[in-house]
Amino acid sequence: MKCNVDLTYAMIPKELKELLARQIAGIEHPRELVVDVMFAVQDHYGYLSDEAVEEVAELLDMSPLEVEQLATFYTFIYREPVGKYVIHVCDSVICWMEGHESLLDHLSGKLGINLGETTSDGMFSLLPVCCIGYCDRAPAILINKKVYGPLTIEKLNDILERLRAEA
Amino acid sequence: MMNYPQVLFKNRKPDRIATLEEYRQSGGYEGLGDALSKASHKDVQQVLLDAVLLGRGGAAFPAGRKLMTVADDAPHPRYIVCNADEMEPGTFKDRVLIHADPHMLIEGMIIAGYGAQAEKGIIFIRPEYESAARILEREIKIAKEAGYLGKNILGNGYSLDIVVHRSAGRYICGEVTAQLNALMGKRANPQQPPPYPTEKGLWERPTVLQNVETLACMPHILRNGPEWFKNLALTETGAGTKIFCASGKINSPGCYELPMGIRLSEIIEVHAGGMVEGSEYKACLPGGASTRFLPREFYDIEMDFDTLRNVGHRLGTGAIMVFDQKTCLVAATLNLVEFFARESCGWCTPCREGLPYIRDLLRRLEEGEGEEEYIPMLQQMSKHLWSSYCAFAPGAVSPVESLITYFEDEVREHISQKKCPFK
């Protein structure tokens, strides 16, 4: 398949854009890659900015609206800036039964943010998430998609301190 | 403790996946070799049908029958899609299976692909399972180098390639037609058949979609025969083993491969370590959030698709979530409905509008602001949700309907005491 993407005005690094354009050109139905491309561009910007939506659309020969429809649909695509560490707190029924609420209250208090917010130093974002498939380790959370559980307040404190120290 | 045969978990290890070599030593890829060299794709369909292999993703549709619905003269390329989106609350068997023995899934996909005469295989996987996605990508490559994938598999003329497709996470993507839309880069709204995906699925081509566990059963059926598979079950009506994911108020939450038809009481008391101290069994959801509460009177029920169906219940995914006498089931149901209201794709009116309505009534009940009339209102709205576009909404109201069927007294206590009696 021919690729007509103009690489001269790329906001994202030329190498990344070329890599994506090559992947897209290599498959029969480019739209099958839209989630992969959104992830790749999001990894670069930190979130899927308005510009990024347009870049993805251009790469895949879609309209920005078509990409927007997907970007706002999926849990792991962020249309607003997020922190260095995105904490997804599972609030489905098993984690709920095993103490999700006290875990969330603690996180919220310790970080000084509510669900949907990011700490002012840009370190942590707090988001709710549906059952992450770790009910055998409830209550569980994800930090940058890595799972932690079963959690207690103490363990959670240790994890946060470690992440702060590493940053 | 009874030691039941381990079929899907026979190579399961505590800390790592089984390698291709280990899988082969346990009989892996023998079923595929036999099928490709000695059987037609029609024979494969028939063997799976005779084995009564029912879909393990929740819908219990016969896997052989599904392959048979691909017409002989249907166009190519055809697709075999593995649904590894596993987002049903309480369910984590596919994750455990992939981390235990990925080649079992790969072989199952090749067998199903051969049964459908498909050229393209896709594994659709949720973003929370990134480690499983990486394992699969690596092992697919290894399988290809060993001649099990790619062109002219094992020299028998059949060709199939498999790719891993990462999702960005939404529950509705587990629904067949929604998943196909997601794969095609569209918003994952379900589509009402006809046409059925096996006629016109991905890119208008015949597409067969199967759950991870269903596919993992196939190599064993091909190798050992349908009668062997049926005899694994403890009941006449059941067939095979089932991976039960147990969670909630039990001592040993986890995945247990047990014969289909095993009693619920045995799963809980013997295999899942019994109820935690101070807890008594009150109810469970036997197969994920989209199934009905199973109260104490069914504690000894034989867990297979037919037995549960005969008493008005569903086995679903076999994800058993156990609730004890100290847990408020109004609050639990509210949590479940919150999940469904958030995850509804919003495409059709009953689901989009009905679930927030039900959530609001349950929230008021839980907060002690409930009225007598809320009970018939919940029942009526639940009934409306059965007229929605896909199976999402009927599943979503299953806990609500069964709450009122079996625990109406508990709901009424919330109204008469003007508070949650558990607080």
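Here are some questions and answers about this predicted model of chains A and B.

User: Happy to start with chain A. How many helices and strands does chain A have?
Analyst: Good place to begin. Read along the sequence, chain A follows the pattern α-α-α-α-β-α-α-β-β-β-α. That gives chain A seven helices and four strands.

User: What share of the residues in chain A is buried?
Analyst: The C-alpha trace of chain A spans about 55 × 30 × 25 Å along its principal axes. Among contacts in chain A with a separation of 6 or more, 59% are between residues 24 or more positions apart. Of the 167 residues in chain A, the buried share is 51%.

User: How far apart are the centres of domain 1 and domain 2 of chain A?
Analyst: The domain assignment places domain 1 of chain A at 14-71 and domain 2 at 85-166. Taken over C-alpha atoms, their centres are separated by 29 Å.

User: Now the two chains together. How much area do chain B and chain A bury between them?
Analyst: The contact involves 47 residues of chain B and 34 residues of chain A. Carbon and sulfur atoms account for 60% of the buried area. The total between chain B and chain A is about 3400 Å².

User: Which residue of chain A forms a salt bridge with B:Lys249?
Analyst: Four salt bridges are found across the interface of chain B and chain A. In the one formed by B:Lys249, the closest N and O atoms are 3.8 Å apart, which counts because the cut-off is 4 Å. The partner of B:Lys249 is A:Glu98.

User: Which element of chain B gives the most to the side that touches chain A?
Analyst: There are 12 residue pairs in polar contact between chain B and chain A. The elements of chain B that give two or more residues to this side are strand 3 (161-166), helix 8 (176-183), strand 5 (241-248), strand 9 (319-324) and helix 13 (329-343). With seven residues, the one that gives the most is helix 13 of chain B.

User: How many residues does each of domain 2 and domain 3 of chain B give to their contact?
Analyst: Chain B is divided into domain 1 (20-231), domain 2 (241-324) and domain 3 (335-416). The centres of domain 2 and domain 3 of chain B are 23 Å apart, taken over C-alpha atoms. Each of these two domains gives 12 residues.

User: Which residues in domain 2 of chain B lose the most area to domain 3 of chain B?
Analyst: Domain 2 and domain 3 of chain B bury about 1000 Å², with 65% of it from carbon and sulfur atoms. Three residues together make up 52% of what the domain 2 side buries. They are B:Ala289, B:Arg292 and B:Phe293.

User: Which residue forms a salt bridge with B:Lys282?
Analyst: Between domain 2 and domain 3 of chain B the count is one salt bridge. For B:Lys282 and its partner, the closest N and O atoms are 2.7 Å apart. That partner is B:Glu410.

User: Is B:Asn189 buried or exposed?
Analyst: B:Asn189 lies in the loop between helix 8 and strand 4 (207-211) of chain B. Leaving aside neighbours within four places in sequence, B:Asn189 is in contact with B:Thr177, B:Ala178, B:Asn181, B:Cys345 and B:Trp347. Its relative accessibility is 11%, and because the cut-off is under 20%, B:Asn189 counts as buried.

User: A backbone point next. Which residue is joined to B:Pro77 by a cis peptide bond?
Analyst: B:Pro77 sits in the loop between helix 4 (63-68) and strand 1 (79-84) of chain B. Omega for this cis bond is about -5°. The residue joined to B:Pro77 is B:His76.

User: What is the relative accessible area of B:Tyr29?
Analyst: B:Tyr29 is in the loop between helix 1 (20-25) and helix 2 (30-38) of chain B. B:Tyr29 has a positive phi of about 65° although it is not a glycine. B:Tyr29 is buried, with a relative accessible area of 4%.

Technical notes. Residues are numbered from 1 along each chain as its sequence is written. Chains are lettered from A and ligands numbered from 1 in the order in which they are written. This is a predicted model: local features need pLDDT of at least 70, side-chain atom pairs count only at pLDDT 80 or more; totals for chains, interfaces and linings use all residues. Side-chain values use heavy atoms; hydrogens and water are left out. Contact means heavy atoms within 4.5 Å. Buried area is the accessible area (1.4 Å probe) that two parts lose on being put together, summed over both. A salt bridge is a side-chain nitrogen of Lys or Arg within 4 Å of a carboxyl oxygen of Asp or Glu. A polar contact is a pair of N or O atoms within 3.5 Å; within protein, one must be able to donate a hydrogen and the other to accept it, and residues adjacent in sequence count only if both atoms are side-chain atoms. Domain bounds come from an automatic or database domain assignment. Buried means under 20% relative accessible area, exposed over 50%, partly exposed in between (1.4 Å probe, protein chains only).
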